Amino acid sequence: MNIGEVIRKHRKARGWTQETLANYLGVTTPAVNKWESGSTMPDITLLAPIARLLDVSLDELLSFREELTQDEIRALVRTAEQKFAQEPYGAVFLWVREQIRLYPNCEPLIHALALELEAYRPAQECPEGQDWNAFILSCHERLLASREESMRTAAADALYRYHLRRGEYEKAGSYLDFFSMQNPERKRKKAVLYDKTGQADKAFQTYEELLLADYQILSAVFSSLSDMQLKSGDPGRARYYVEKKQALDRLFEMGDYLQYMDELELVQAEQDRDKTLACVEGLLAHMDSVHDFYKAPLYAHIAFKPVDPAFGEAVRNGILEELRAETGFSYMEGDPRWARLLAAL
């Protein structure tokens, strides 16, 4: 809605004629008519009096809004998609550019419409006076200065992908600085660049480090979910999460030790003697395999630090002390198999 439409809307809402508004403002009726038809604009000195007279803000009078609602943004994006299906790209490009001009600070709209322009960008050359790529890139570039990290990241991602497609790998890499160090996408995109630039070993290592980091997060989540179920008194549900954790251990080639360690607290809660014996015997048999994943093919390109023998010994002693103390294993008293196991320790 332009300024003339805003004036006409609020004038009619008050039941005024163009002549009435003209008399209030001290201008001619044809002047008001030209404003409302879009032929001319009010003089800048009249903007404040018009806004006061119509009881609207200057922002509303000038159709300026910092933000749109999500529904409004989605509606404009749908309109753009409909236009792309029915109209030449150049015409839709001009329409999109006008929407961004109307809402210059609505970053989600700028981002969404820039992506639409990029998605529907035709292969043919631009008409004279329209540099489609330059405008699309300028939209993303301006969002790099956003106060919102998510918006900066989205813009950097779009620019990274644009230059990656063009084989401009150094330029693509420059946008990774806009991703936080904690964002795994930064590392994954770096691995892509290593691969594209013939640095296969670095690409493999980076991907493997990402796998290991993802395993650690997922493993911690499953362990926490299992612990929560145990605290709530539902060992059956806890076993569900333990089994998921064990499947994860196998998928990520973490070795046999964790298969049994995952179950230790669970079998204590279940107080199942057979399961307890099987778990503890398996744990004791695989105590030396804590770092077996170092040798897994899945992490072949990661240079792990040498294992400190003291660490393995500490793990072993901790387990043995817990078993000897029988903390949490009182339900095993009187079982001759348990007595033999403790005697062997």
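No disulfides turn up anywhere in the structure, taking a disulfide as a pair of cysteine sulfur atoms within 2.5 Å. This is a predicted model, so local features need pLDDT of at least 70 and side-chain atom pairs count only at pLDDT 80 or more, while totals for chains, interfaces and linings use all residues. Residues are numbered from 1 along each chain as its sequence is written, and side-chain values use heavy atoms, with hydrogens and water left out. For cysteine 139, the closest cysteine sulfur sits in cysteine 106, 12 Å away and too far for a bond. Cysteine 139 is also buried, at 1% relative accessibility (buried means under 20% relative accessible area, exposed over 50%, partly exposed in between, with a 1.4 Å probe and protein chains only). Cysteine 279 is buried as well, at 3%.

Over in helix H4 (residues 47–54), the buried residues are Leu47, Ile50, Ala51 and Leu54; helices here are DSSP runs of H or I, at least four residues, and strands are runs of E, at least two, numbered from the N terminus. These four span an arc of only 100° around the axis, so they lie on the same side of H4, the arc being that of the directions from the helix axis to the C-beta atoms. The buried residues of H4 pack against helices H1 (3–13), H2 (18–25), H3 (29–37) and H5 (58–61), with contact meaning heavy atoms within 4.5 Å. Just after H4, aspartate 55 adopts a positive phi of about 60°.

Tyrosine 331 belongs to the loop between helix H17 (309–325) and helix H18 (336–344), and is buried at 10% relative accessible area. Beyond neighbours within four places in sequence, its contacts are Val267, Gln268, Gln271, Asp272, Arg273 and Thr276.
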